[in-house]
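Please look over the structure below before reading on. The text then goes through a few of its parts in turn.

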Amino acid sequence: MNIILTKDYEAMSDAAFCVMQAVVTRNPSAVLGLATGTTPLGLYARMAEDHRKNGTSYLGVRTVNLDEYVGLGMESDQSYVYFMRKNLFEHIGIPLENTHIANGKAPDLAAECARYNALLDGLQQDIQVLGIGSNGHIAFNEPGTPFGSTVHVVDLAESTVRDNARLFAREEDVPRRALTMGLKNIMHAKKILILANGAGKANAVYGLVRGEVTTALPASILQLHPDCTLVCDEAAASLLSL
Ligand code: GLP
């Protein structure tokens, strides 16, 4: 695993943007795997700024997102489809039909998982951006998820509901289920870019980099990926003794 250690969140976002920018300029029809959460917001702001200032084109780019809450769609500002449009897609001129997210409002969730999985099979990510949960989850693959998992419906861990409650008006409003890419879908990406900042991620980052490869800490599977870069700030890296 390549590790890029940065001073703070802004420097982490700068370094992540450099990695992303290289992929998009090298391949104007790249497939970008994207993540939600607060961690990649700085990266997305830099992509938007670069598009505005330098005209980097996303007309041929396709995107696939990691996950979505069950029951939420564009009408909810807590949905991941809303998050992606407001924080990135509307600012980079990407045709919305080239952007893909599992449909949290699908009437038949099993069919939606199969549809999204088939779509991912045909859209291998040139780069997959990831954040990390404080319990070591990636996307919504909670501890215990099999390494061979594909797109599935997940019951969120209590700790994840608590972590994500800060983004909702009340903890009761946090959906208890989500649709998520599985670990196999994530590992299928040609390149992984995982970002982490803040002391709250230090334990998870330790497990990601130095821990045993175990389903108890899903991100540890990334140790087996041939091209994985971790960009993290000093607080998140504090247990690594780099
Ligand atoms: C959610 C998302 C993950 C994300 C995690 C961390 O659970 N499903 O993809 O990595 O939150 O979020 P944050 O970046 O806000 O810490």
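What follows is a short walk through a sheet, a group of aromatic rings and a surface patch.

The model is predicted. Begin with the sheet. Strands of a sheet pair through backbone hydrogen bonds, either parallel or antiparallel. Here, three strands make an open sheet, ordered β4-β8-β7, and their pairing is antiparallel. Strands β4 and β7 are at the edges, and each has a single partner strand, so one side of each has no neighbour in the sheet. From one strand to the next, the twist averages 25 degrees.

The pairing between β4 and β8 can be followed in detail. Strand β8 covers residues 177-180, and β4 pairs with β8 over three bridges in the antiparallel sense.

The structure holds four aromatic pairs. One of them joins Y69 and Y80, with ring centres 4.9 Å apart and planes at 45 degrees, which makes the pair tilted. Y69 belongs to strand β4 (residues 67-69) and Y80 to helix α3 (residues 80-92), so the pair ties together parts that lie 11 residues apart in sequence.

Are these two residues buried or exposed? Y69 has a relative accessibility of 2%, so Y69 counts as buried. Y80, with a relative accessible area of 11%, is buried as well. The reasoning rests on one cut-off: a residue is called buried when its relative accessible area is under 20%.

Y80 takes part in another aromatic pair, this one with F140: the pair is stacked, with 6.0 Å centre to centre and 10 degrees between the planes. This pair links distant parts of the chain, since Y80 is in helix α3 and F140 is in the loop between β6 (127-130) and β7 (152-155), 60 residues apart. Y80 and F140 are both buried. Which residues make up the aromatic cluster? Y69, Y80, F140 and F168 form one such cluster.

M1, I3, L5 and L242 make a nonpolar surface patch of about 350 Å². Of these residues, I3 is found in strand β1, which spans residues 2-6. The relative accessibility of I3 is 30%, so I3 counts as partly exposed. That class lies between buried, under 20%, and exposed, over 50%.

How values were computed:
Residues are numbered from 1 along each chain as its sequence is written. This is a predicted model: local features need pLDDT of at least 70, side-chain atom pairs count only at pLDDT 80 or more; totals for chains, interfaces and linings use all residues. Side-chain values use heavy atoms; hydrogens and water are left out. Patches are made of residues with over 30% relative accessible area and no salt bridge: like charges are joined within 9 Å, nonpolar side chains (Val, Leu, Ile, Met, Phe, Trp, Tyr) within 5 Å. Accessible areas come from the Shrake-Rupley method with a 1.4 Å probe; for residues, only the protein chains shown count as cover. A salt bridge is a side-chain nitrogen of Lys or Arg within 4 Å of a carboxyl oxygen of Asp or Glu. Helices (H or I, at least four residues) and strands (E, at least two) are DSSP runs, numbered from the N terminus. Buried means under 20% relative accessible area, exposed over 50%, partly exposed in between (1.4 Å probe, protein chains only). Rings of Phe, Tyr and Trp (its six-membered ring) pair if their centres lie within 6.5 Å; planes under 30 degrees apart count as stacked, over 60 as edge-to-face and the rest as tilted. Two strands pair if DSSP finds at least two bridges between them. Axes are lines fitted to C-alpha atoms, for helices over the stretch in contact, and angles run from 0 to 180 degrees between N-to-C directions.
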